[in-house]
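Me: I would like to go through the labels attached to this structure one at a time, and to see for each what value stands behind the word.

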Amino acid sequence: MRWLNLFKANLRKEYLELRRYLPNTLAMIITFYVIFLGMFAGIQLIGDPSSQDVNTQYVIVNYIFWFLAMMVVNNIGWEITNEAMRGTLEQLCMSPMGMWRIMVTRLFSSTIVNIFMIVALLYLSMLTTGQSLNIDLVALIPILSLSLVSMFGLGFIIAGMSIILKQVQAFLQILQFILAGLTFVPLSTAPFLAYFPFVKGVDMVREVMINGATITQLGAGDFIILTVNGVVYFIVGLLVFLYCENVAMKKGLLAHY
């Protein structure tokens with residue numbers, strides 16, 4: 001019940017902030033849509049006409065997954081920075097639920113809210129390009145769920161850094177390009193990237209949405225790699241976050257910005 005109440009409170013917070021600052025929310029969506037239009041225009045102008053359709057489909061999937069990764073991983077860093085600027089970071093640590101539980105539920109709630117924007121961008125992108133992707137929810141939901149676990153772990157690492165360093169905006173901007181590289185580089189080109197967060201998930205999503213693979217056609221080994229990847233990164237991320245929180249408490253970094 002305490003977890004549920006915490007989740008409901010954070011979900012309401014995320015929704016109210018998006019609605020209250022609606023111009024900023026719309027500007028964010030428009031910005032990412034314009035970025036996609038730039039990618040699409042590049043394919044149309046300089047791409048190989050014989051493979052334009054496939055390349056466009058790849059761009060749609062990669063771009064949507066990049067947006068999801070940015071929203072999940074970067075958001076928690078911004079949350080910590082904003083809480084520190086508001087002077088409420090120390091209050092979160094004083095909560096009976098503990099700061100890490102608050103951040104877990106905040107990650108879940110922000111992801112749920114952002115999913116609606118991501119779905120809207122997905123269908124808008126397909127409508128713009130005239131491309132139809134395979135939206136097989138039976139296959140996509142477990143893949144995305146396991147991919148999100150590793151994203152949460154990476155987000156906790158960023159959150160831990162934010163607690164100690166406070167000002168991490170420049171790093172978060174650089175991280176956007178790192179996430180783009182992890183999302184856009186095919187796993188067939190660099191197989192070692194399967195050990196990085198969520199990269200295996202992107203590859204499996206491509207198989208489903210572009211090549212029409214079903215959940216039974218995906219190998220059990222792929223799901224094992226994706227599961228182990230998610231669990232390992234989540235545990236490592238949570239341990240890093242708890243360590244950074246402990247360091248911040250010992251050095252008295254929570255009460256001052």
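Predicted model: local features only at pLDDT ≥ 70, side-chain atom pairs only at ≥ 80, totals over all residues.

Me: Why is lysine 200 called buried, and why is aspartate 222 called partly exposed?

Reply: Buried means under 20% relative accessible area, exposed means over 50%, and partly exposed lies in between (1.4 Å probe, protein chains only). Lysine 200 has 10% relative accessibility, so it counts as buried, whereas aspartate 222, at 22%, counts as partly exposed.

Me: What makes the contact between aspartate 222 and lysine 200 a salt bridge?

Reply: The term requires a side-chain nitrogen of Lys or Arg within 4 Å of a carboxyl oxygen of Asp or Glu. The closest N and O atoms of aspartate 222 and lysine 200 are 2.9 Å apart, so the pair meets that limit. This pair links distant parts of the chain, with aspartate 222 in helix H9 and lysine 200 in helix H8, 22 residues apart; helices here are DSSP runs (H or I, at least four residues), numbered from the N terminus.

Me: Why are arginine 206 and aspartate 203 said to be about one helical turn apart?

Reply: They are 3 residues apart in helix H8, which means a separation of about one helical turn. An α-helix has 3.6 residues a turn, so residues three or four places apart point the same way. Arginine 206 and aspartate 203 also form a salt bridge, with their closest N and O atoms 3.7 Å apart, and both are buried.

Me: How do you know that helix H8 is mostly covered?

Reply: Of the 11 residues in helix H8 (residues 199-209), 10 are buried, among them Val199, Gly201 and Met204. The buried residues pack against helices including H3 (52-86) and H9 (220-250), where contact means heavy atoms within 4.5 Å.

Me: What makes the pair of phenylalanine 65 and phenylalanine 198 stacked, and what makes that of phenylalanine 156 and phenylalanine 241 edge-to-face?

Reply: Rings of Phe, Tyr and Trp (its six-membered ring) pair if their centres lie within 6.5 Å, and planes under 30 degrees apart count as stacked, over 60 as edge-to-face and the rest as tilted. For phenylalanine 65 and phenylalanine 198 the centres are 6.3 Å apart and the planes at 25 degrees, so the pair is stacked. For phenylalanine 156 and phenylalanine 241 the values are 5.3 Å and 65 degrees, so the pair is edge-to-face.

Me: Why does serine 150 count as buried, and which residues is serine 150 in contact with beyond its neighbours within four places in sequence?

Reply: Serine 150, found in helix H6, has 0% relative accessibility and therefore counts as buried. Leaving aside those neighbours, serine 150 is in contact with Pro197, Phe198, Asn229, Gly230 and Tyr233.

Me: Why is valine 34 called partly exposed?

Reply: Valine 34, in helix H2 (residues 22-46), has 49% relative accessibility and so counts as partly exposed.

Conventions. Residues numbered from 1 in each chain as written. Heavy atoms only, no water. Helix = DSSP H or I, 4+ residues; strand = E, 2+ residues; numbered from the N terminus.
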